Each structure stands twice: as C-alpha cells, then as structure tokens.
Amino acid sequence: MSSRSPRPPPRRSRRRLPRPSCCCCCCRRSHLNEDTGRFVLLAALIGLYLVAGATVFSALESPGEAEARARWGATLRNFSAAHGVAEPELRAFLRHYEAALAAGVRADALRPRWDFPGAFYFVGTVVSTIGFGMTTPATVGGKAFLIAYGLFGCAGTILFFNLFLERIISLLAFIMRACRERQLRRSGLLPATFRRGSALSEADSLAGWKPSVYHVLLILGLFAVLLSCCASAMYTSVEGWDYVDSLYFCFVTFSTIGFGDLVSSQHAAYRNQGLYRLGNFLFILLGVCCIYSLFNVISILIKQVLNWMLRKLSCRCCARCCPAPGAPLSRRNAITPGSRLRRRLAALGADPAARDSDAEGRRLSGELISMRDLTASNKVSLALLQKQLSETANGYPRSVCVNTRQNGFSGGVGALGIMNNRLAETSASSS
C-alpha cells in the first residue's frame with residue numbers, strides 16, 4: 001500500500017452575490033435629482049406643448065396664407081398686364097416700399113416716429129420687452145445705443161415688475177388675512193379683543209398663515225379680465241378696431257409678446273389726444289404688471305403639477321425596487337438586518353420596520369461598519385448640532401412649512417422666490 005496523503009477537498013470559491021437594489025437608495029437618488037427631473041420633465045412638456053401649438057396654428061392659418069398668396073399673385077399679374085409694367089420691375093418697386101415701411105414711412109398720414117412722444121413710446125416698448133417692431137433704429141449709432149440702453153433698461157424694468165409683484169401679493173395677503181380673522185371671530189375661534197402679537201394658542205393664532213395660491217390666482221385673473229375688458233372698450237371706440245381684435249391686442253401687449261400687427265396710438269391726431277395717451281400708458285403699465293404677476297402664480301401651479309407627476313413616477317420606481325411583504329429577505333449586511341434578527345424582534349413584539357429605519361442612524365445587524373461611514377455620520381451629526389446651536393443663539397429659526405419642504409417649494413430666485421415666500425403651497429393638502 002502506498003503511503004499517499006489524502007487529497008484535500010477542493011476549495012469552494014466564494015461568489016459575491018450582487019447587492020440587491022435598495023428602495024431607500026432609489027428614493028434618495030430620486031430626491032437628490034428631483035430638481036433635475038423637474039427640469040427635464042418641464043422641458044419635455046414644453047416641447048410637446050410647442051408641437052401641439054404648431055399643429056393647431058398650422059391647421060388654422062395655413063389655408064388662409066395659401067389663399068392670400070394666390071390672391072396677391074393674381075393681383076400682381078393683373079396690375080402688370082393692365083399698366084404695361086414688367087413683373088420684375090414691379091417687384092423691385094415693392095421691395096423699395098418694404099424698405100420704406102421698415103423705416104417708418106406709411107402710405108396713410110401717421111404721426112412722426114422719432115419726435116419726443118414717438119421716441120418715448122419706443123423706449124417704453126424696449127424696456128418693457130414688448131417690442132412691437134413698428135419703429136426700429138436705422139442708423140448704426142442708434143443700434144449700438146439700443147444694445148446698451150436695453151441691457152440696463154430691461155434689467156431695471158424686470159426688477160420693477162418683481163417689486164410690484166411683491167407689493168401686490170403682500171396687499172392681497174393682508175386683505176385675505178383680515179377676511180380670515182373676521183371669519184374666525186364670527187365662528188367664535190378668535191376672541192373679539194384679538195390683536196396681532198397677542199399671546200394665543202397655536203391653534204387659534206394666525207401666525208405663519210399665508211393665502212392660498214388658488215385664491216390669489218382667482219383674484220389676479222378676475223382683475224386681469226376686468227382690466228382687459230376696460231382697455232378693449234377704449235381701443236374699440238378710439239382706434240376703430242373690433243372688440244375681439246382689441247382683446248387680442250391687450251393680451252399680446254400685456255404679456256409682452258408684441259407682434260406689432262396692431263399698435264395703439266399711431267395716428268397723427270385723436271380726439272382728446274392727451275387723455276387717450278395717458279389712458280393708454282396706464283392701461284399698458286397696469287396690464288403688464290398684472291399679467292406678469294398672474295404668470296408667476298400659474299408657474300407655481302405648473303410646478304405643483306410637476307411635483308405630483310414626479311411623486312407618481314417615484315412611487316412606481318419604489319414599487320419595482322421594494323420587495324413584496326411576503327418575499328424572501330435579502331442578504332444581511334450593515335444596512336439591512338437579516339431574517340434571524342427580524343424573527344427575534346417579531347418574537348419580542350417589536351416592529352422590525354421601525355427598527356430598520358435609517359433615519360435613527362442605528363445599525364441593528366451586529367456587523368461592524370466602516371470607518372468612512374462612521375466619519376460621515378459624525379460629520380452630519382456635528383453639522384446639525386452646529387446649526388441648532390446657531391439658530392438658538394440667534395433666536396428662533398425661520399419656520400418653514402413641512403409641506404413646502406416636501407413639495408420642493410423652499411427657496412427660489414427672483415419672482416419664484418417671492419411667490420414661494422408669500423403664498424402657501426396646497427399640493428400636499430390637495431393630493
């Protein structure tokens with residue numbers, strides 16, 4: 001018998017199982033990319049909105065354009081045959097007329113474009129970003145000056161619109177707050193001797209109350225409709241336009257679109273000319289400010305719809321990532337405890353789901369965590385502690401609505417920041 005040492009059993013290579021995707025990681029990733037997702041979703045919706053608008057306008061206006069081109073071609077041919085003028089010469093003459101038209105020359109008697117009232121009307125359309133296009137600078141110096149003038153003028157006017165937005169929202173909030181206090185007094189929730197700043201319970205006080213976005217939208221919408229109707233009545237009687245054309249002009253002007261097909265105050269003389277020009281200026285000023293405010297309120301509602309869509313998408317993603325209640329549990333690691341610990345907690349009457357929460361910062365698996373995780377956790381805890389100490393030393397922290405933080409409405413720049421600070425978001429309560 002040969003003395004042969006027994007062969008050792010083959011070593012089994014440990015196969016690393018892929019780490020299962022965790023729903024919490026998915027939720028965190030979606031929370032971190034929420035702003036990017038909202039931006040991409042809005043860009044996609046705007047693209048679809050543009051495609052739909054182009055389809056509708058092409059279907060409505062394309063037949064009329066084809067008919068107008070056919071009528072214009074027939075008119076040129078008839079005029080050329082009747083007067084013995086060659087069609088190329090006639091087209092060259094029309095090109096000269098188009099150049100004169102761009103310079104402000106009209107066949108009918110119109111007021112001068114570059115006297116002081118005409119120039120003032122022009123710079124008003126420049127800084128308000130309306131830009132009708134009926135008057136444009138033709139000289140090199142005028143074009144160069146317009147670049148620098150419009151840069152600072154448009155920036156200053158946008159700042160004026162933001163300040164107007166802040167004032168009008170504050171005024172509406174003051175009026176609606178007074179109405180709410182009166183309603184609470186009638187219902188008996190507030191005493192008759194209530195004064196602002198008095199010590200009341202948190203349920204009865206109105207500290208931190210903000211008006212609803214929908215109420216502000218309704219008030220601004222009614223005011224914009226009333227203003228447009230009054231301005232359209234004035235333009236119909238003075239300019240001789242149809243009432244629908246006057247409404248169309250009001251929206252194009254107040255929204256600073258400014259096509260230029262209809263422009264007010266362009267004739268050489270009007271009845272009560274000074275009063276009409278003053279009314280025209282006031283209507284355009286109030287209309288632009290009101291529509292600007294209305295657009296910002298509508299943008300808040302659009303953002304609420306985007307947040308609702310993102311929540312629906314994230315819920316579907318979490319439903320795919322999270323296992324079913326009866327599904328087998330994944331491998332035990334430093335984040336997710338194993339089934340043995342879950343059975344032990346269930347036998348003791350504890351809730352395993354509550355103990356597995358990452359918000360408490362506890363590791364229940366009994367395994368060691370890495371030094372990197374420990375250092376990161378200590379840094380976060382130290383930052384939160386420093387923030388709490390700083391807020392305590394400087395007074396009470398600024399109260400932020402929980403729904404506002406969850407809906408992604410905290411912060412904001414410019415007009416969006418003004419709306420976020422002045423209005424209460426109602427998407428969480430409505431969902």
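**Reading cavities, a pocket and a helix crossing**

Author: F132, Y248, F249, V252, T253, F259, G260, D261 and L262 line the second largest cavity. The model is predicted, and the volume of this cavity is about 30 Å³.

Reader: What classes of residue make up the lining of the second largest cavity?

Author: Six are nonpolar, two are polar and one is charged.

Reader: How many cavities of 30 Å³ or more does a search of the whole structure find?

Author: The search finds two. The largest cavity has a volume of about 40 Å³. Its lining consists of R111, P112, R113, G118, Y121, M134, T135 and Q266. Sorted by class, the lining of the largest cavity holds three nonpolar, three polar and two charged residues.

Reader: How should I read a pocket, and what is the volume of the second largest pocket?

Author: A cavity is a space from which the probe cannot get out, whereas a pocket is an open set. The second largest pocket holds about 720 Å³ of space. It is lined by 18 residues, and the closest to its centre are L42, I46, Y49, I298 and I302. Two or more lining residues come from each of α2 (34-83) and α8 (273-321).

Reader: Which element gives the most to the lining of the second largest pocket?

Author: Helix α2 does, with 11 residues. By class, the lining of this pocket has 13 nonpolar, two polar and three charged residues.

Reader: How is a pair of packed helices described?

Author: The description uses the angle between the two axes and the distance between them. Here, take helix α4 (residues 116-127) and helix α5 (residues 140-187): their axes cross at roughly 65° and come within 8 Å.

Reader: Which residues of α4 and α5 meet?

Author: From α4 come F122, V123, V126 and V127. On the α5 side are L146, Y149, G150, G153, C154 and T157. The residues of this contact comprise seven nonpolar, three polar and no charged.

Reader: Where is confidence in the protein lowest, and where is it highest?

Author: pLDDT is the predictor's confidence in each residue, on a scale from 0 to 100. The mean for the protein is 74, with 60% of residues at 70 or more. Helix α12 (residues 402-407) has the lowest confidence, a mean of 43, and helix α7 (residues 243-254) the highest, at 96.

Reader: Over which residues does pLDDT stay under 50?

Author: Residues 329-337 are one such stretch, and the model gives them 23 contacts beyond four places in sequence. Residues 354-369 also stay under 50, with 25 contacts beyond four places in sequence.

How values were computed:
Residues are numbered from 1 along each chain as its sequence is written. This is a predicted model: local features need pLDDT of at least 70, side-chain atom pairs count only at pLDDT 80 or more; totals for chains, interfaces and linings use all residues. Side-chain values use heavy atoms; hydrogens and water are left out. Axes are lines fitted to C-alpha atoms, for helices over the stretch in contact, and angles run from 0 to 180 degrees between N-to-C directions. Helices (H or I, at least four residues) and strands (E, at least two) are DSSP runs, numbered from the N terminus. Contact means heavy atoms within 4.5 Å. Ala, Val, Leu, Ile, Met, Phe, Trp, Tyr, Cys and Pro count as nonpolar, Asp, Glu, Lys and Arg as charged, and the others, Gly among them, as polar. On a 1 Å grid over the protein atoms alone, a cavity is a set of points where a 1.4 Å probe fits but cannot get out, and a pocket is an open set with protein on both sides within 12 Å along at least five of seven lines; lining residues have an atom within 4 Å of a point. Grid points are joined across faces, edges and corners, and a volume is the space filled by probe spheres set on the points.
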